[in-house]
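Please open the model in your viewer and keep the selection tool at hand. The stops below go from the whole chain to single side chains.

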Amino acid sequence: AILRRMETWEHLSPEQQERARDLFHSFRQLPPERRHALAEAFHELRDLSPEEREKALDTDRFRSNFSEQERSLLRGMNELGLAPLHHPQPPGAPPKE
């Protein structure tokens, strides 16, 4: 996973790297339960085509579960091919071994 992230980073332009830093900063500012929800949604969306992703993000389900800022983060991470830094555990879940 780390090697894949490094390869992705190497292929980003300086402008895309700056956008990625901004996205990750915004992601880290979210409460843990929201980070978890976004990570789950990201993993759900990543196998869709760009058109399917946009349609999914505009569905009532995504509109009711995610704020405009959160949907914007998902769009940005998907556009750049970025995954959240880790797949966080839901609040109260036992740690993975």
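Which pattern does the protein follow when read along the sequence? The pattern is α-α-α-α-α-α, and the secondary structure comes to six helices and zero strands, where helices (H or I, at least four residues) and strands (E, at least two) are DSSP runs numbered from the N terminus. This is a predicted model, in which local features need pLDDT of at least 70 and side-chain atom pairs count only at pLDDT 80 or more, while totals for chains, interfaces and linings use all residues. Residues are numbered from 1 along each chain as its sequence is written, and side-chain values use heavy atoms, with hydrogens and water left out.

Colour the chain by pLDDT, the predictor's confidence in each residue from 0 to 100. The protein averages 82, and 76% of the residues score at least 70. Select residues 86–91 next, where the pLDDT is below 50 and where the stretch has 13 contacts in the model beyond near neighbours in sequence, a contact meaning heavy atoms within 4.5 Å. Where pLDDT is low, the predicted coordinates should not be read in detail.

Now select helix α2 (residues 14–29) together with helix α6 (residues 68–80), whose axes come within 10 Å and cross at roughly 140°; axes are lines fitted to C-alpha atoms, for helices over the stretch in contact, and angles run from 0 to 180 degrees between N-to-C directions. On the α2 side, the residues that meet α6 are Gln 16, Arg 19, Ala 20, Leu 23, Ser 26 and Phe 27, and their partners in α6 are Gln 69, Ser 72, Leu 73, Gly 76, Met 77 and Leu 80.

Stay in helix α6 and pick out Arg 75. Is Arg 75 buried or exposed? Arg 75 is buried, with a relative accessible area of 15%, since buried means under 20%, exposed over 50% and partly exposed in between (1.4 Å probe, protein chains only). Leaving aside neighbours within four places in sequence, Arg 75 is in contact with Glu 54, Leu 57, Asp 58 and Glu 68.

Finally, show the side chains of Phe 62 and Phe 66, whose ring centres are 5.5 Å apart and whose planes are at 25°, so the pair is stacked. Rings of Phe, Tyr and Trp (its six-membered ring) pair if their centres lie within 6.5 Å, and planes under 30 degrees apart count as stacked, over 60 as edge-to-face and the rest as tilted. Phe 62 is buried at 2% relative accessible area, and Phe 66 is buried at 9%.
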